Structures are given as structure tokens and as C-alpha cells.
Amino acid sequence: MVCKSILALAAAVTSSSPFAYGFNIVLAGGTGNIGASLSAALANDGHDVTILCRNAFLAAAPGRASSDFGWLGQGFLEKHPGIKLRDWDGGDLLDIVGQDFLGWQEDTLTEADAVVNLVGGFTQQREMAAERIVRESLRVNPLALQITVGPKDDELEMISPGAYTTKVARLKQCEDLVSFNCANFECLRLEANRVEEECERIKELIYDQLKK
């Protein structure tokens, strides 16, 4: 009777999950609002999430120490044990701030089912990060799903005033890096101020693509 109960419970748990096993998802630049919401949703669904950040120590601190770096906080990570942080170089090898960035490619990309580029900002560093992600993914795991995320062009001026033409060109360059080089990719433009809805959209896209 006990064995039957255990088997019945296991069957119920399995049937309630949309996947037979969890995915490995890498979020680059995932310490902002979108990254926090998306990583929590993925972890709550039973997936392993690795967030690439420029300073994992500061991102995991109990309180925010600097506005120059992303922050999730100790409490957030304790609440979501399926999420881990990993230092990386951010694409700029002349401005490395994390202490443990060496080997991030092999540690994170090799087993990744999907890599989501959430790197923000509209400086040249955005392009450098996108190029680094694509180049290293092609080297260690060329079949991983690549998703690059950016704002809609018509909302860009509201989000980041000034130098509109340059910023639009940078967003397009990041998308071209993915579409020209990766076999399995998606380029998404998100609506501003709709974090929860857009995170659900990214999550469902990941699931739809990985179930194929």
C-alpha cells in the first residue's frame, strides 16, 4: 500500500510538470528587473538558471552596495535556490570587475539549453557583450538556443533619451550578430513598463523552442 501511494504521488508530480527534466538556462545581464522576474519564474518551474554578471559578489550582497552594478540580493537568492550567479567579463576585456571570471564559458555555456542576452545599456559595451556571447557559444555549444532582447525602437527615446540613431543601430547590430551566426535563435523587442508580461513571453518562447 505504501509503495502504491509513493508511485501515485510520483506520477502526480510528474504529470503536473510540463517537462520531464529541467532545462539549463543562462541569462547574461540578468540582474535587472527583467532578469530578476524571468529567473525567478524559470527557477520556480524547476529549471537551473545561471546569471552572468560583472560582479557576483556585489549582486549577491544583503544590501545594494553600488548603483554601478546589478543587484539581486541575498534574500532573493535564498528564496530561489535554483538560481546561481557567475562572474563573466561582459565582453570588455579591458574593464573586468569580477574576481572569478576565468572559465565562465565552459562553466555556463557548455551545458546551456538556452542563452538569453539581457545586457542593458546602449553604449558600445552592449555590442561587445553580444559578440562575446555569440562567439563563445559557437565555440563550446553552437546548438544552444540564443535569444537576444531589446526595447522597441519607438520606445527607445523614452527609455534612454539622446543619440537615437546610434542606439537603434547598436540594437540592430546585436540582433545581426545572432541571426547571421546562430542556427537556433530568436530576437525579441519588449514593451517598456510591462515587465511581468514580457517575462512570461520570453519564458514561453524558451519552452516552445526547446520542446521542438
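**Exercise 1.** Sort the residues lining the largest cavity into nonpolar, polar and charged.

*Solution.* Start with the tally: 4 nonpolar, 3 polar and 3 charged residues make up this lining. Here Ala, Val, Leu, Ile, Met, Phe, Trp, Tyr, Cys and Pro count as nonpolar, Asp, Glu, Lys and Arg as charged, and the others, Gly among them, as polar. Before going on, note that the model is predicted, with pLDDT of at least 70 needed for local features and 80 or more for side-chain atom pairs, while totals for chains, interfaces and linings use all residues. Numbering starts from 1 along each chain as its sequence is written, and side-chain values rest on heavy atoms, without hydrogens and water.

Now put names to the classes. Val-119, Val-149, Leu-171 and Cys-174 belong to the lining, as do Asn-117, Thr-148 and Gly-150, and finally Arg-126, Glu-175 and Arg-189. The space inside is about 70 Å³. A cavity is a set of points on a 1 Å grid over the protein atoms alone where a 1.4 Å probe fits but cannot get out, and lining residues have an atom within 4 Å of a point. Points are joined across faces, edges and corners, and the volume is the space filled by probe spheres set on them.

**Exercise 2.** Find which elements each supply at least two residues to the linings of the largest cavity and the second largest cavity.

*Solution.* First, the cavity count is 2 when voids of 30 Å³ or more are included. For the largest cavity, look at β5 (145-151) and α8 (164-181). Helices (H or I, at least four residues) and strands (E, at least two) are DSSP runs, numbered from the N terminus.

Next, the second largest cavity, at about 40 Å³, draws at least two lining residues from each of β4 (114-117), α6 (124-140) and β5. Its lining includes Val-115, Ala-130, Ile-133 and Ile-147. By class it has 6 nonpolar and 3 polar residues, with no charged ones. Asn-117 lines the largest cavity and the second largest cavity.

**Exercise 3.** Describe the largest pocket by volume, centre and class.

*Solution.* The volume is about 960 Å³. Of its 35 lining residues, Gly-29, Leu-118, Val-119, Gly-120 and Gly-121 are the closest to the centre. A pocket is an open set of points with protein on both sides within 12 Å along at least five of seven lines. By class, the lining holds 14 nonpolar, 14 polar and 7 charged residues. Finally, α2 (33-44), β2, α6, β5 and α9 (195-210) each give at least two residues to the lining.

**Exercise 4.** Why is strand β1 largely enclosed, and which strand does β1 join?

*Solution.* For context, 46% of the 212 residues in the chain are buried.

Then follow the pairing: β1 runs parallel to β2 (residues 48-53), with 5 bridges between them; pairing needs at least two DSSP bridges. Asn-24 stands opposite Asp-48 in β2.

How values were computed
Buried means under 20% relative accessible area, exposed over 50%, partly exposed in between (1.4 Å probe, protein chains only).
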